[in-house]
Amino acid sequence: MLAPVKGSKIEYDIRPYRYHRYHKDEKQDLPVKVATAAGAVTGTVIPMLFIAHKQNTKLFKIKYHVKEMILVSAGSILGGLAAGLIADKKEHRKQKVNESVFQFMNASVPPLLTAGLYKISKNLTYRIASTAIGLIGGMFVAAKLSNKINDPHDKVPDRKLTIKDSIANIDDALGVLVLARVPLAEKLHIEKTLPVIYSWCGYRGGISN
C-alpha cells in the first residue's frame, strides 16, 4: 500500500511503485553488502567442495561442464539471496528474488543452449557459430524467461537486456568459452575465474533492492 506523507494535505508516497516500475535501486548499507557477499561466497564454495570431492581433485582444479556450472552458480545465487533476505529490509525481498531469478537464468541458459548445439556437430566453423548463438541468443532467452517468471501477468514493464547487463554478466561468455574448449581459454585457465564470477552473480541478486 502507498504510505501517507506528512503535511497540510493528504498525499501519498509513490516511491515504492516508482522504484519497482522503473527498476531503480537505493544505496545499500555496508553491513548488508558484507553479509550478502559472505553469503554468495559461502554458497559458491559449498558446491565446489562437493564437486571437487566427486572429481577427486583440488578445489581450483575442477573441470567445469554444464552440470558443474549450474550447480555452482545456483549455490552462489541461493547463498547471496538468503543472506540478503536476512540482512536487508523486508520490503526489498521481492526485488531480490526477481534479480536472483534473472542472474540464475543468465548463468544457466547460455551454457545449456550452447552445449545442446555442440552435440549436433564437431565442425570447427559450426562450433564457432554455435558459441555466438548460444551466448547472445541464450542471454535474450534468459531475459525473456526471467520476465515471464517474475511477472507472469505482465503488470510492470519487462526488464530489458542492456549493454550494462551484458558486460556485468561476463560469466555467460566465460562459461561458454570453457565449454567450447577454446585453446586460448584453456591456456589462460579461464575456468578458475568462474567461482569469482558466480559469487558476483550471487551478490548482485542478494544486494538488489
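I searched for cavities and found 1 of 30 Å³ or more. A cavity here is a set of points on a 1 Å grid over the protein atoms alone where a 1.4 Å probe fits but cannot get out. The model is predicted, so local features need pLDDT of at least 70 and side-chain atom pairs 80 or more, while totals for chains, interfaces and linings use all residues. Residues are numbered from 1 along each chain as its sequence is written, and side-chain values use heavy atoms, without hydrogens and water.

The largest cavity holds about 30 Å³, a volume being the space filled by probe spheres set on the points. I listed its lining (an atom within 4 Å of a point): Leu59, Phe60, Lys61, Ile62, Tyr64, Glu191, Lys192 and Pro195. By class that lining has 5 nonpolar, no polar and 3 charged residues. Tyr and Pro count as nonpolar, Gly as polar.

Next I checked α3 (residues 66–87) against α9 (residues 194–207). Helices are DSSP runs (H or I, at least four residues). The two axes, lines fitted to C-alpha atoms over the stretch in contact, come within 7 Å and cross at roughly 35°, on a scale from 0 to 180 degrees between N-to-C directions. Contacts (heavy atoms within 4.5 Å) include Met69, Ile77 and Gly84 in α3, and Tyr198 and Gly206 in α9. The contact residues divide into 7 nonpolar, 7 polar and no charged.

Last, I looked up Met105 in α4 (residues 93–118). Is Met105 buried or exposed? Met105 counts as buried because its relative accessibility is 15%, with the limit at under 20% (1.4 Å probe, protein chains only). Its C-alpha atom is 6.7 Å from that of Ser146, 41 residues apart along the chain.

Notes
Helices (H or I, at least four residues) and strands (E, at least two) are DSSP runs, numbered from the N terminus. On a 1 Å grid over the protein atoms alone, a cavity is a set of points where a 1.4 Å probe fits but cannot get out, and a pocket is an open set with protein on both sides within 12 Å along at least five of seven lines; lining residues have an atom within 4 Å of a point. Buried means under 20% relative accessible area, exposed over 50%, partly exposed in between (1.4 Å probe, protein chains only).
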